[in-house]
Amino acid sequence: MKKLITALICGTLFGFGLAMSEMIDPDKVQGFLDIFGDWDPTLAWVMGGALLVSIPGFALLLSKEDKAHIKQGVIDSKLLVGSALFGIGWGLSGYCPGPALSVAPLIITELLWFLVPLVVAMVVAGAIFGREQD
Amino acid sequence: MEFQWQALTGGILVGLSAVLLFMSMRKIAGISGMIKQVLSNKGNGSDRWWPLVFIGSLMLGTWIYSILFSVESSLREGYPKELLIASGLLVGFGTYIGKGCTSGHGVCGIGRLSKRSIVATIVFMLCAVITVAVMGALS
């Protein structure tokens, strides 16, 4: 029960933060990505703000074993190909998973055309590659 | 670059959420990973349900913000369906095999100083920038 309450508090904070920072606005996201066009750098502040907290936060919370484990991470082709495909998809619509889910109830008709294919692709990827643990 | 307090504060809240979740549950606030876990339908009790609660709470948090400060008027509707579908498929497939998205690799992974996540974030940012540039050139 405590875990579910934690998830409720953290999820609400996360969704509130995404809305406040305008990450939920796909036009704004595409404007941020449009560095060769009419670039809108606002969203760089979102990543900056998040890292301002997460870098010192994790530095304090991670154990030595955690840090050693993270160091052993291997950069493989799946990571590169997967991230590249994700980036292309993100650019096409301006939606990534967090903001898309957060804003879904407000503009559900548009979001279903994004979220249903997303879920289908994950199920297909799961069937092809199996369910690996991180 | 102009100082953007609202974007900065929103980002700080996202970072706080990620750190709090790790502090109390030792879990990573990666949204694509949570969707993956919800779809896998495995585990027992709170281990099984917390990702679903988190996703529902994301919607709650954005909804609360939208009530306090109207945002609906600025939201986009009627974007080309074929682009939304292609985007959804690529984001779903890509984050599954790349094991993370903007939150998992971007906020948490870089926060953990993970080389994998730093590389992933550079790759997806670059590809997204190129995609938007190509779309701009074609339109």
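Which residues is A100(A) in contact with, leaving aside its neighbours within four places in sequence? I looked this up first, and found Y95(A), L111(A), F114(A) and L115(A). Contact here asks for C-beta atoms, placed from the backbone, within 7 Å.

A note on the ground rules. I am reading a predicted model, where local features need pLDDT of at least 70, side-chain atom pairs count only at pLDDT 80 or more, and totals for chains, interfaces and linings use all residues. Residues are numbered from 1 along each chain as its sequence is written, and chains are lettered from A in the order in which they are written.

Next I turned to chain B. I found 6 helices and 0 strands, with the pattern α-α-α-α-α-α along the sequence. Helices are DSSP runs of H or I with at least four residues, and strands are runs of E with at least two. I noted a C-alpha trace spanning about 50 × 40 × 30 Å along its principal axes. Of the 139 residues in chain B, 53% are buried, that is, with 20 or more other C-beta atoms within 10 Å of their own.

Then I checked the largest nonpolar core, which has 78 residues. Such a core is a set of buried Ala, Val, Leu, Ile, Met, Phe, Trp, Tyr and Cys residues joined through C-beta atoms within 7 Å. A100(A) is among the members that touch the most others, as are F54(B) and F93(B). Helix α1 (residues 5-25) of chain B gives the most to this core, 9 residues.

Last, I looked at where the chains meet: 94 residues come from chain A and 96 residues from chain B.

Technical notes. A residue is buried if 20 or more other C-beta atoms lie within 10 Å of its own, exposed if 12 or fewer, and partly exposed in between; C-beta atoms are placed from the backbone. Two residues are in contact if their C-beta atoms, placed from the backbone, lie within 7 Å.
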